[in-house]
Amino acid sequence: MSKIGVFIETADQAIKKSVPGVIAAALRGGDVVGFVLDGLAEQYKESLGEYGITELVNLVASDIDFSKQPQAAGEALAQGVKAFGVTALLGVSSPTGNDLLARAAMALKAPLVLDCTDVNFQENIVKKSHFSGKAIATLEMEATPFVCGIRPNSFDAIPKPVTCTVLNHSLTVSTDDAITITSVDKAGSGQKDLTEANVIITGGRPIGSSENFKLLEECAKVLDAAVGASRAAVDSGYAPHSMQVGQTGKIVSPKLYIGCGLSGSVQHFAGMKTSNVIVAINTDKDAPIFTKSDYGIIGDLFEVVPALTKALKK
Ligand SMILES: Cc1cc2nc3c(=O)[nH]c(=O)nc-3n(C[C@H](O)[C@H](O)[C@H](O)COP(=O)(O)OP(=O)(O)OC[C@H]3O[C@@H](n4cnc5c(N)ncnc54)[C@H](O)[C@@H]3O)c2cc1C
C-alpha cells in the first residue's frame with residue numbers, strides 16, 4: 001500500500017485547523033505519515049491519531065530552528081519524503097504551506113500544484129481552479145513523488161482513530177540560508193483566521209466605515225464566524241488588507257459565506273466561489289451577486305444584519 005506524507009503545519013504550538021482535512025485527503029491514497037518541524041510530535045500525536053495518522057515524524061536538524069529558516073525547512077520535508085518513501089507530500093495551501101511545499105518540491109525536483117480542491121491518487125490527478133474560478137483544471141502528475149497544497153476546507157476532517165507512533169528523524173540540511181525570518185508581525189491578531197473559518201460574514205463598500213464593521217463582528221460572534229471585507233471596503237480604509245477576500249486577497253472556502261453589500265464582482269468571487277453555501281444581502285434586487293448565491297435577502301444590511309444577529313441569539 002502507498003504511503004502519503006502530510007506536512008503538519010502548526011502555529012504557536014497548535015496544529016492548524018485545516019490539517020485534519022488534508023489528512024482526510026491523504027488517506028485516500030494509503031497510510032499517512034505526518035512530518036512535524038517544531039519538534040513537538042509527542043504533543044500532537046493524540047489529536048492526529050484521531051484522524052488516522054499512524055506515524056508522526058519529528059524532522060530534526062541540530063541547531064536549526066525551521067520556523068526561521070524556510071529553505072532548510074523545505075529541504076527537511078524533502079528529506080522526510082525520501083527517507084519514508086512517500087509517493088506524495090500534501091499540506092495546507094496557506095502562506096506558510098505554499099512556501100515550504102514549493103521549497104520541498106524544488107529540492108525533490110518533483111511536480112508541484114498548490115491550491116488543489118481535489119486529489120485522486122489512483123490516477124495521479126489533482127484539480128484546482130483557474131482564471132479566477134471560471135475553470136477547473138484537471139492536472140495529471142507525471143512523476144512520483146508529487147507535492148500538493150490543499151485549499152483549506154476543501155476536505156472535511158474525518159475521524160478515524162488509530163494508534164499513532166512518534167519517530168525522530170535526524171537530518172543534515174544546509175545552513176547557509178539566503179532567507180532568515182527575524183520577526184513576524186501578525187496582522188489582525190485576535191481575529192479569527194479567514195482561511196480556516198467554517199463561517200464568514202463579509203462587508204462591502206456600503207458598510208461605510210470601520211466603526212460599522214462592529215455590526216458584522218457582533219453577528220460573527222454568535223455564528224463563530226470570521227469577518228471579511230471586499231477590496232472596495234479595504235481600499236476605502238474601512239478594513240485592513242488582511243481581511244480582504246478575493247483575487248488579490250485571501251482565498252477562502254467556508255461552509256457558509258454571508259456577503260453584506262457586495263455587488264458580486266468576478267474578482268471577489270475568485271476568492272470565495274468554492275464556499276458551500278453563499279448568502280447575499282443587497283438592496284438592489286438586480287445585483288449580480290444574487291445570480292451566484294444560494295440564498296438572497298433583498299434589504300439594507302444595516303437592518304438585516306442586526307435582525308439576523310438578534311434572531312441567531314435567540
Ligand atoms: C485586478 C483586480 C483585482 C481585484 N481584486 C479584488 C479582490 O481581491 N477582492 C474584491 O472584493 N474585489 C477585488 N477587485 C475589485 C472588484 O472589481 C470590485 O470593485 C469590488 O469587489 C467591489 O466591491 P463591493 O462589492 O464591496 O462594492 P460595490 O461594487 O460598490 O457594490 C456594493 C453593493 O452593495 C449594494 N448596497 C448598497 N447599499 C447597501 C446596503 N445598505 N445594504 C445592502 N446592500 C447595499 C449595492 O447595490 C451594490 O451591489 C479587484 C479588481 C481588479 C481590477
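This is a predicted model: local features need pLDDT of at least 70, side-chain atom pairs count only at pLDDT 80 or more; totals for chains, interfaces and linings use all residues.
Residues are numbered from 1 along each chain as its sequence is written, and side-chain values use heavy atoms, leaving out hydrogens and water.

**Domains**
- Domain 1 covers 3-170 and domain 2 covers 194-313; such bounds come from an automatic or database domain assignment.
- Taken over C-alpha atoms, the centres of the two domains are 31 Å apart.

**Between the domains**
- About 1100 Å² is buried between domain 1 and domain 2, with carbon and sulfur atoms giving 40%; buried area is the accessible area (1.4 Å probe) that two parts lose on being put together, summed over both.
- Of the area that domain 1 buries against domain 2, S132, R151 and N153 supply 44%, more than any other three residues.
- The domains share 1 salt bridge, a term for a side-chain nitrogen of Lys or Arg within 4 Å of a carboxyl oxygen of Asp or Glu.

**The largest nonpolar core**
- This core has 29 residues, and L56 and L90 have the most contacts inside it.
- A nonpolar core is a set of buried (under 20% relative accessible area, 1.4 Å probe, protein chains only) Ala, Val, Leu, Ile, Met, Phe, Trp, Tyr and Cys residues joined through side-chain atoms within 4.5 Å.
- Leaving aside neighbours within four places in sequence, L56 is in contact with residues including I8, V36, L48 and V166.

Conventions: Buried means under 20% relative accessible area, exposed over 50%, partly exposed in between (1.4 Å probe, protein chains only). Contact means heavy atoms within 4.5 Å.
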